[in-house]
Amino acid sequence: MRNNLIDSLQETFGFVTELQKECLSFISPSKAGYHVWSPPCTPTCPNINNCPYDLILSFKIEKNNFLVALPKKRSKNLKITPASIIKFLQIVLETSFASEQKTHNILLLEQTLQFLAKQSNIEFYLFNNKGQIILSQNSSFVQLSPSDIWEKLGDANGSEGFIKTQWGNFYYHLFVKNDKPIGLIIWKIKSFQKNVNFCPSSKDYSFAIIGKNYHFTEIKKLIRQIAATEHTILLQGESGTGKELFARYIHHLSPRKDGPFIAINCAAIPENLLESELFGYEDGSFTGARRGGKPGKFELANGGTIFLDEIGDMPLPLQAKLLRVLEDRQVERIGATISRPVDIRVIAATNKNLKELIDAKLFREDLFFRLSVFPVYIPALRERRDDILLLLDFYLKNICLEQDKPFKIFSPETIEILQNYSWPGNIRELKNVVTYAVSLCKDDIITPQYLPKYLQNGVSFNKYQFTNVKSEHSFIEDEQLKNQLEILLAKYGKSTQSKKLIAQELGISLATLYRWLKKYRIR
Amino acid sequence: MQEIISDWIEPLWYGSIFLGSGGGGKSELLASVLDKALQNRAIPLLTLDELSESNFFCGIGLLGSPELCEENLPSGKEASIAIEELEKYTGFQFNGISIVEGAGVNIFYPLLAALQTGLPVIDGDAMGRAFPELQMTTYHLENLPVTPLVLVDGSYNVHLFLEKQDTFLLELNTRQIVCQQGGVGYFAGFPYSGSVLKKVLLPSTLTFAREIGECFLHADNYHELFNLLLEVTSNSFYGPIVEIFQGTIKNISAYETAKWKAATLISPKGEELQLLFQYENLLAFKNGHIAASVPDLISAIDPNKLKPVNNNEIYEGQPLVLLGLPAPLRLRINKALDVVGPQCFGYRTIYVPLEKLYWDYYHEKEVFF
């Protein structure tokens with residue numbers, strides 16, 4: 001029997017060897033059942049760094065002691081595979097049953113499987129005959145329902161095969177004894193996509209913001225220069241030009257990059273909630289306030305950067321409070337009697353003309369000057385048309401990868417349409433259009449038929465010209481936009497889902513859509 | 001309209017080696033000839049947008065061994081003969097030269113031809129990198145023939161391929177002549193109008209090669225070089241570079257029965273990488289897994305000298321960094337992979353994009369879009 005077992009292990013793993021004698025002083029062979037060591041066996045072993053073994057197995061079957069080891073240097077062609085794990089388990093279990101030593105030593109299974117699983121890059125789940133998971137190794141959070149698995153097994157034939165789950169296909173092997181299942185293992189190879197190729201330099205580098213247009217490149221240079229400082233930055237530009245992206249970029253390039261980046265959209269949060277979101281509150285400061293109080297975004301951004309998007313929509317009373325934060329670098333929670341110091345860098349952004357708001361007494365002039373230490377104007381996409389092709393290529397590539405689809409390209413006709421379009425929703429709209437096309441197109445080449453209807457044949461090119469909606473207003477354009485919004489609401493409906501669709505079609509965010517609806521008093 | 005002047009040549013040379021992905025041939029002598037010739041001359045460079053739709057242009061390139069071309073330097077006259085013959089047979093008058101293979105020697109030879117003929121060169125190419133065969137072009141993907149094509153061998157004999165024929169057969173036929181006639185030949189073919197070229201050519205290859213080269217000229221250390229290359233490649237039709245491996249060459253071997261050669265690199269930690277190449281670097285394996293595959297570019301650089309390295313120059317004990325550069329999208333669609341994917345070189349596996357192989361690097365980091 002001894003030879004049979006050793007031979008089986010030899011066959012399964014390619015090579016096993018008897019343990020060196022010097023190891024015996026550190027390992028006491030099992031008095032019963034099995035034991036597995038994954039070196040170092042003890043912290044006192046003198047060969048701790050040069051141990052020649054990957055795994056040491058100790059068995060006692062019918063008064064015979066087995067001490068075998070798997071050397072680190074095995075033949076190149078022989079690898080520990082999931083199949084060899086199963087074979088190994090079978091050998092051990094069968095040997096155990098053959099000798100009628102019904103030791104269900106879980107330690108053996110646990111240690112061996114976990115060791116081997118790490119070696120062979122697999123995820124696995126081991127169930128007992130009651131369908132309970134007794135052991136698993138997985139890198140991702142997977143909630144497997146044992147009853148589902150057993151149910152699926154009922155449909156499958158044989159003791160081996162594969163089953164489909166919502167977490168992918170798993171191979172399975174059913175352990176059977178006397179025609180009764182005694183256990184089940186299911187496994188799959190971990191996705192090769194992650195961690196197989198560790199890139200040693202990835203930590204130190206950052207990607208660039210896409211754009212080669214001359215003015216855009218100058219802005220990127222300016223951003224790189226001011227990112228390292230502590231100055232407050234005011235980003236101005238139309239909706240969808242990537243203001244938050246720039247804010248993240250600045251944060252990433254700054255010495256605060258390891259600190260938090262907290263973004264808040266001042267227009268998307270109801271006025272009465274914005275104060276508590278920004279400043280936090282003390283325990284019992286108002287009805288419904290959380291026990292123990294809550295820190296505001298300023299406090300959460302401590303040591304990092306706070307990004308105040310759509311600052312032009314901030315109510316006047318809060319503007320005064322914000323001004324104090326900018327001046328004193330201290331925040332006072334609602335209901336608090338003391339101020340708390342905060343170490344933050346502020347980046348604000350707006351798509352409105354703040355000077356006009358100041359004239360209309362809707363924005364504090366002192367706050368404007370405090371915010372606009374470094375004003376940065378981010379150009380609209382139509383102001384950097386030479387980047388459209390590059391951006392289309394960039395998003396096309398990334399969206400295909402994200403959707404796990406084969407790469408696609410745009411046909412020359414599609415490119416022509418996209419290059420000539422005015423992109424009122426800027427890069428956000430461009431990304432939406434590419435996502436739309438990639439999702440629908442099953443071929444290699446995206447022809448105009450896969451573009452959103454309003455872009456096809458360039459028909460609605462003029463219909464959707466929102467070009468100057470937000471900067472240089474004109475009465476006619478306002479009217480056009482209002483009409484357009486009404487048409488779209490009539491077409492899609494007024495539910496939140498419909499509004500999401502409308503926003504997507506217009507290439508604007510939901511928050512911007514709500515703002516427009518409010519502005520034009522459309523209900 | 002831009003012009004190529006002598007300042008272009010050094011960065012273009014580094015860029016041409018990088019885009020050669022190990023192959024493309026040595027182009028040092030050709031580059032120095034051009035550098036001299038451009039001291040008081042310039043070559044007009046046309047962007048794809050600047051091409052007149054109705055004007056005709058022809059593709060120029062070198063077939064065969066770039067090493068033999070270095071031994072017996074061409075003058076550009078070969079191409080001018082080929083262009084003249086092609087004009088005769090097509091009835092077109094060519095208004096410029098297009099580059100077929102935007103890497104290695106085949107970036108420089110069309111420039112020499114442009115100087116000889118006085119024609120402008122188009123900023124674009126049909127491969128986006130170095131590839132060994134004529135059918136591995138974007139023309140092939142659009143089902144556009146290479147012919148009519150005129151081949152001038154090293155002894156100035158003219159060979160005509162006027163009938164439309166399968167690109168693969170043409171590749172075999174031209175290669176046969178080149179082998180019989182001194183190992184190197186110069187061709188003029190791909191006679192197409194501006195309207196066609198706008199759709200077919202990969203844009204801005206020459207300026208991209210130059211920008212790549214500038215990174216090598218401006219960097220003071222490897223870290224800086226990587227950052228510069230990352231900025232340039234991110235803003236291109238290729239994609240952000242990724243570091244595949246850092247190490248020294250442990251050994252170089254050739255598989256006797258196949259076209260393949262292999263270099264094994266070893267890192268300071270003892271990790272090994274197998275780089276498989278024919279002329280160009282085609283596959284890299286790390287820990288038994290694919291670490292990069294054609295058509296993505298695998299380009300070696302010397303981290304100490306901060307220079308790109310051609311496969312002709314590698315030796316055992318040499319320190320190298322392997323960088324991966326995602327190929328332009330046009331080369332990575334299924335139809336293109338049938339012509340330039342790993343299987344076309346005899347490796348029976350599907351192409352895995354660098355962005356999937358280095359998922360964490362490309363996707364879990366801050367990617368700014």
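Author: Elements come before everything else here. Helices are DSSP runs of H or I with at least four residues, strands are DSSP runs of E with at least two, and both are numbered from the N terminus. Residues are numbered from 1 along each chain as its sequence is written, while chains are lettered from A and ligands numbered from 1 in the order in which they are written. This is a predicted model: local features need pLDDT of at least 70, side-chain atom pairs count only at pLDDT 80 or more, and totals for chains, interfaces and linings use all residues.

Reader: Where does P295(B) sit?

Author: P295(B) is in the loop between β15 (289–293) and β16 (297–302) of chain B. The peptide bond from V294(B) to P295(B) is cis, with omega near 15°. Chain B has another cis bond, between T147(B) and P148(B), where omega is about -5°. P148(B) belongs to the loop between α6 and β7 (149–153) of chain B.

Reader: How confident is the predictor in chain B?

Author: The average pLDDT of chain B is 91, and 98% of its residues score at least 70. pLDDT is the predictor's confidence in each residue, on a scale from 0 to 100. Chain A averages 77, with 69% of the residues at 70 or above. Within chain A, the element with the lowest mean pLDDT is helix α3 (residues 106–120), at 56, and strand β19 (residues 409–410) has the highest, at 96. For the complex, the predictor gives an ipTM of 0.92 and a pTM of 0.70.

Reader: Which value does pLDDT stay under over residues 191–205 of chain A?

Author: It stays under 50 there, and the model has 27 contacts for this stretch beyond four places in sequence. Residues are in contact if their C-beta atoms, placed from the backbone, lie within 7 Å. Residues 459–474 of chain A are also below 50, with 23 contacts beyond near neighbours in sequence.

Reader: Why is A103(B) called buried?

Author: A residue is buried if 20 or more other C-beta atoms lie within 10 Å of its own, exposed if 12 or fewer, and partly exposed in between. A103(B) has 29 C-beta neighbours inside 10 Å, so it counts as buried. Its place is the loop between β4 (94–99) and α5 (105–117) of chain B. Leaving out residues up to four places away in sequence, A103(B) touches S16(B), L19(B), G20(B), G24(B), R129(B) and A130(B). The C-alpha atoms of A103(B) and T205(B) are 8.8 Å apart, although 102 residues separate them along the chain.

Reader: What makes N287(B) exposed?

Author: N287(B) has 12 C-beta neighbours inside 10 Å, and therefore counts as exposed. N287(B) lies in the loop between β14 (281–286) and β15 of chain B. Its phi is positive, near 50°, and it is not a glycine.

Reader: Is E310(A) buried or exposed?

Author: Buried, because E310(A) has 23 C-beta neighbours inside 10 Å. E310(A) too is a non-glycine residue with positive phi, about 55°. The loop that holds E310(A) runs between β14 and α9 (316–328) of chain A.

Reader: Which residues of helix α6 (residues 243–253) of chain A are buried?

Author: They are K243(A), F246(A), A247(A), R248(A), Y249(A), I250(A) and H251(A). These residues pack against α5 (214–227), β10 (233–236), β11 (261–265), β14 (305–309) and β17 (345–350) of chain A.

Reader: How do you know that α1(B) and α9(B) are roughly perpendicular?

Author: The axes of α1(B) and helix α9 (residues 205–218) of chain B are 6 Å apart, at an angle of about 100°. Angles of 65 to 115 degrees count as roughly perpendicular, under 35 as roughly parallel, over 145 as roughly antiparallel, and the rest as oblique. The two helices are therefore roughly perpendicular to each other. The contact includes W8(B), W13(B) and F18(B) of α1(B), and I212(B), F216(B) and L217(B) of α9(B). By class, its residues are 11 nonpolar, 3 polar and 3 charged. Ala, Val, Leu, Ile, Met, Phe, Trp, Tyr, Cys and Pro count as nonpolar, Asp, Glu, Lys and Arg as charged, and the others, Gly among them, as polar.

Reader: What are the domains of chain B?

Author: The assignment gives domain 1 (2–203) and domain 2 (239–364). Such bounds come from an automatic or database assignment. The contact takes 20 residues from domain 1 of chain B and 22 residues from domain 2 of chain B. On the domain 1 side, α1(B) gives the most, with 5 residues.

Definitions and conventions:
Contact = placed C-beta atoms within 7 Å. Axes fitted to C-alpha atoms, helices over the stretch in contact; angles between N-to-C directions.
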